[in-house]
Amino acid sequence: MKTGHEIHDAIVARKLSAVEAVSAALGAVTAAEPMLKAYLTLTPERALERAKAIDQRIARGENPGLLAGVPVAVKDLFCTAGVRTTSGSKILENFIPPYSATVVERLEGAGAVIVGKTNMDEFAMGSSTENSAFYPTRNPWDGEGVPGGSSGGSAATVGARGVPIALGTDTGGSIREPASFCNVVGVKPTYGRVSRYGIVAFASSLDQAGPLTLDVRDSADTLEVIAGHDPMDSTSVDVPVPHYAASLRADLRGVRCGVVREFEEALKSDAKMTALFQSAYRVLEELGAQLVPVSLPHAKYGLATYYLIAPAECSSNLARYDGARYGLRVKGDDVFSMFEATRTAGFGAEVKRRIILGTYALSSGYYDAYYVRAQKVRTLMKQDFDEAFERCDVIACPPVSCPPFELGAKTQDPVAMYLMDYFTIPMSLAGLPAMSVPAGFVDDLPVGLQIVAPAFEEGRMLGVAHAYEQATRWAWQREPMIGSAAGGVR
Amino acid sequence: MKSSERNGKFEPVIGLEVHVELATASKMFCGCRNEFGAPPNTNVCPVCLGLPGSLPVANARAIEFLCKTGLAFGSTIAPFSKFDRKNYFYPDMPKNYQISQYDMPLTTGGGVTLASGKRIGLTRIHLEEDTGKNLHSGGSIARSEYTLVDYNRAGVPLMEIVSEPEISSAEEAEAYLGELKSVLSYIGVSDVKMHEGSLRCDANVSVRPSRSKELGTKVEIKNLNSFRFVGRALAYEIERLEASLRNGERIVQETRGWDETTGTTHSMRSKEYAHDYRYFPDPDLVPMNPNVADAERWRRELPELPAAKRERYVRDFGLPAYDAGVLTEDRPTAEFFEAVVAAGGAAKQAANWTMGDVRRVLQKHELTLAQSKLRPQTLAALIKLVENGTISGKAAKEVIEPVAVEGRAPQDVVAERGLAQTSDQSEVARFVDDAIAQQPDSVASYRAGKEKAFEFLVGQVMRLSRGKANVELARRLLKERLG
Amino acid sequence: MAETPIDIAHVARLARIALTDEESARFSAQFSRLFEFIRELQALDVTRVHATAQVIPLHDVVRPDEVSPCLDHEAALANAPDREGPYFKMPRILE
């Protein structure tokens with residue numbers, strides 16, 4: 001399989017043209033699509049045009065950027081000017097944004113070539129991509145399982161070696177969990193590290209865009225391209241973006257690695273999962289890391305806290321979808337009937353559930369008891385991490401409680417699905433950078449290892465993940481069931 | 001109900017909520033032009049249209065304008081302030097929530113001092129974004145089949161000024177609005193044109209028995225599109241409420257709209273259902289901590305305000321309060337007057353001219369002071385020409401027009417039109433003697449006591465001199481001759 | 001099983017979403033499990049804790065008062081489900 005940096009190096013060395021790389025990717029993606037269904041929209045003409053332009057610039061001796069010629073995919077909630085952007089929902093089924101998200105502009109500005117928009121849980125609400133209004137995506141490793149969610153399409157297309165790099169978003173785990181399920185690297189940056197402008201909003205105080213890639217190096221490069229202050233996003237932080245690849249290291253000498261007591265406890269009953277993580281921690285130790293027990297005593301409140309704050313914010317963010325200015329419109333005799341008919345027809349069940357939950361949590365008489373209280377518990381959870389990071393440099397822990405489950409296995413009970421986020425929610429609530437890196441297989445299904453760092457220490461986090469990755473090379477050990485092992489580029 | 005309520009006097013208690021569109025170049029949360037009257041949906045962008053993925057970024061000048069307004073009224077700038085979302089559905093609201101401020105407005109307190117000296121307290125001033133505009137087919141919301149929406153106005157920065165319920169009459173309400181408008185235009189934060197919607201007013205009114213300390217049930221009145229409507233609507237509503245109380249009826253807390261054509265308020269039942277706005281801090285924006293250094297600079301940048309100017313005109317120029325009031329209604333007029341005085345024009349004359357003939361000529365030609373060619377030094381010179389008798393006051397009124405409109409020099413106009421009056425005593429005396437000689441009957445009439453005859457003789461002197469005689473001199477000489 | 005405190009019909013109205021009786025009942029049952037977790041939250045002592053306003057503290061983020069290019073008029077209306085001339089068109093307002 002060819003990683004993004006390998007493709008880029010070959011293109012810059014003129015051993016490969018951008019058009020060849022992109023054509024091969026389109027071929028691989030198209031071949032896998034009937035089974036995988038990772039995409040909602042493919043943009044072959046647009047992609048080939050851009051690839052041609054990149055080649056012309058290289059021929060002129062220019063440097064088109066850190067990701068020049070690399071085929072990539074973006075989750076369908078990144079507004080892409082002139083390209084249908086649905087956020088996985090019928091209510092935006094035919095919406096064509098007149099502008100692009102800042103991260104899309106930065107990706108394309110660095111020479112990356114977008115081949116399509118990937119499938120996702122509707123409005124990023126879900127952990128399996130089964131909430132997509134259009135169709136579910138399959139896990140490339142076994143074809144029967146879910147790819148995870150809500151960035152399931154992005155994780156699946158990288159896992160299936162269609163493209164080496166995809167963009168997703170993570171609000172409560174929506175990059176890390178599918179990365180774990182699809183045996184790829186997935187990074188959620190510090191809140192405010194990456195611009196949210198142009199990303200269809202789910203939960204404003206939690207959403208962050210990040211890369212899903214074949215290897216840690218590509219995540220480092222992609223993050224460097226998309227990170228940085230954006231004047232169009234008031235919540236984006238003005239902190240310099242380092243060359244993250246420079247932080248990639250071979251060993252972990254001097255690194256104190258926290259192991260979370262409560263998380264070990266939570267997985268205790270699952271022998272196979274426990275064994276996988278125990279051996280992962282041993283690898284870290286062998287690399288020179290010092291394991292330190294740490295505690296996140298309020299982690300167990302994460303689910304309730306998250307499922308009050310995120311729905312509250314989304315109930316307000318999704319109010320704009322009413323059939324008036326864009327998107328689906330269902331007729332009504334008067335404008336309020338039209339709003340109601342449109343929203344009733346256009347939103348799926350999970351979206352409706354969260355809007356109702358969120359509206360309730362903000363409503364008169366309940367606001368203090370639910371929303372404000374949840375924001376206070378959030379403070380306690382953040383303090384847990386602050387204290388833990390006084391004793392360690394990074395935290396290593398599971399991103400998931402299980403390997404990828406079968407399609408349909410958890411759709412009957414929403415809370416069973418919510419529980420999938422148990423290990424990823426606390427970092428989201430605390431705004432900390434966290435990532436998943438392939439860590440092996442349980443019953444032949446992929447499981448990832450989560451690395452968490454203090455705010456704005458993505459370099460440190462990527463460094464630890466890279467050392468682990470190079471020592472274990474899980475992503476190279478097996479081939480997915482769906483998708484070419486050669487990564488589309490021979 | 002106590003008999004004192006049924007038979008005794010009532011007093012109205014009024015509070016006003018005034019929305020002011022700020023005169024920033026761009027909108028509150030995006031870079032679209034803030035412009036009245038542009039073709040529909042031409043000043044819109046992903047942010048103010050509420051497109052998926054768009055995010056707001058606060059306009060620094062809007063915050064500055066609001067803080068300056070607060071400082072002008074003696075309000076306190078909050079050390080910590082934030083934006084909240086006010087959630088409700090309406091077609092003119094692209095996000096179906098309005099970014100506003102709920103419990104931590106940018107300023108609190110302060111007051112508006114009326115010309116009468118009474119000070120109306122302010123509760124708060126906060127910042128929010130304006131909505132788009134709905135047009136109803138058929139011309140009214142009741143008869144329409146469909147709605148057309150223009151989002152040019154969506155996102156324009158709006159400042160909401162809330163007064164304490166300390167206004168005691170419809171007249172006082174109008175005075176409050178007048179002072180507010182005056183100050184706002186002085187500090188340049190808004191063009192305050194009610195007819196263009198850049199100043200809007202809702203009123204809360206209740207009545208209670210005089211000397212009672214409790215507030216009665218209040219009624220909200222909307223659709224007040226001019227100061228006059230505010231006055232009329234309040235007067236009507238106060239009467240209606242008093243009549244209700246006298247009849248022993250309970251006042252219903254409701255929202256009523258003013259109907260100018262019928263001169264009545266009517267219940268707007270549709271606005272009565274409880275809106276649960278579900279206010280919460282907007283997670284796309286960050287808090288504001290206006291600092292002391294900024295506040296000091298803004299305070300220094302405030303111009304002399306109308307009340308201070310009025311006081312100064314009365315004290316230093318000896319002008320009557322009425323004149324001071326008229327002159328200070330807007331800043332360009334006040335500053336023009338001050339410049340005329342600084343250029344040597346006598347204060348009272350400068351005041352009379354500014355309020356009178358200058359205004360008349362400008363209105364006739366639909367010019368503002370800035371658009372006219374009238375320079376303060378020129379008016380001062382014209383005033384001197386009258387003072388030293390070169391031209392009569394009447395002639396000056398003729399001269400002012402070409403001076404103000406075309407920028408002609410007064411001396412040139414006087415020369416061209418032969419307006420210089422004769423102040424030469426012997427020349428005027430000759431006309432006086434001629435008039436006396438030609439009108440023996442009038443002379444006799446005057447000597448017999450008929451004042452009107454004197455005026456006739458004055459007129460004759462002017463006729464004989466073809467209007468050139470210095471009329472004061474003519475009068476004096478006539479009086480001397482006639483005894 | 002714990003009860004759901006939500007008056008789903010009322011909240012759905014606020015959110016402009018129509019639910020069938022079956023959906024309301026199903027949601028109610030689904031929420032009740034979540035409320036078991038939420039109740040644990042209510043039991044925590046948060047009296048001396050301040051609410052997280054934002055997880056990465058920022059303040060006074062503003063932009064200068066400058067006009068920047070806005071959307072082309074046709075682009076603004078391009079996704080409109082219905083329009084009349086330069087306006088967005090939608091049904092009448094009945095309150």
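This is a predicted model: local features need pLDDT of at least 70, side-chain atom pairs count only at pLDDT 80 or more; totals for chains, interfaces and linings use all residues.
Student: In strand 3 of chain C, which residue is the bridge partner of Leu148(B)?

Tutor: Residues are numbered from 1 along each chain as its sequence is written, while chains are lettered from A and ligands numbered from 1 in the order in which they are written. Strands (E, at least two residues) and helices (H or I, at least four residues) are DSSP runs, numbered from the N terminus. In strand 3 of chain C, the bridge partner of Leu148(B) is Lys89(C).

Student: Over how many bridges do strand 10 of chain B and strand 3 of chain C pair?

Tutor: Two strands pair if DSSP finds at least two bridges between them. Besides the bridge of Leu148(B) to Lys89(C), Tyr146(B) stands opposite Pro91(C) in strand 3 of chain C. Strand 10 (residues 146-150) of chain B and strand 3 (residues 87-91) of chain C pair in the antiparallel sense, and the number of bridges is 4.

Student: Which strands stand at the edges of this sheet?

Tutor: The open sheet is formed by 4 strands in the order 9(B)-10(B)-3(C)-2(C), with antiparallel pairing. Each edge strand has a single partner strand, so one side of it is left without a neighbour in the sheet; the strands at the edges are strand 9 (133-136) of chain B and strand 2 (83-84) of chain C.

Student: Which element of chain B gives the most to the side that touches chain C?

Tutor: The contact between these chains takes 41 residues from chain B and 30 residues from chain C, where two residues are in contact if their C-beta atoms, placed from the backbone, lie within 7 Å. Strand 2 (58-59), helix 2 (60-72), strand 9 and strand 10 of chain B each supply at least two residues of the side of chain B. With 5 residues, the element that gives the most is strand 10 of chain B.

Student: How many nonpolar residues are on the side of chain C that touches chain A?

Tutor: This contact takes 43 residues from chain C and 58 residues from chain A. On the chain C side, helix 2 supplies the largest share, 10 residues. By class (Ala, Val, Leu, Ile, Met, Phe, Trp, Tyr, Cys and Pro count as nonpolar, Asp, Glu, Lys and Arg as charged, and the others, Gly among them, as polar), that side has 5 charged and 6 polar residues, and its nonpolar residues number 32.

Student: Is Leu177(B) buried or exposed?

Tutor: Leu177(B) belongs to helix 3 (residues 170-187) of chain B, and its contacts beyond four places in sequence are Cys201(B), Phe227(B) and Val230(B). A residue is buried if 20 or more other C-beta atoms, placed from the backbone, lie within 10 Å of its own, exposed if 12 or fewer, and partly exposed in between. Because Leu177(B) has 24 C-beta neighbours inside 10 Å, it counts as buried.

Student: How far apart in space are Lys468(B) and Ser423(B), C-alpha to C-alpha?

Tutor: Lys468(B) is in the loop between helix 15 (451-464) and helix 16 (471-482) of chain B. Lys468(B) counts as buried because it has 20 C-beta neighbours inside 10 Å. Although Lys468(B) and Ser423(B) are 45 residues apart in sequence, their separation in space, C-alpha to C-alpha, is 8.5 Å.

Student: How far apart are the C-alpha centres of domain 1 and domain 2 of chain B?

Tutor: Domain bounds come from an automatic or database domain assignment, which for chain B gives domain 1 (3-294), domain 2 (304-416) and domain 3 (425-482). The C-alpha centres of domain 1 and domain 2 of chain B are separated by 37 Å.
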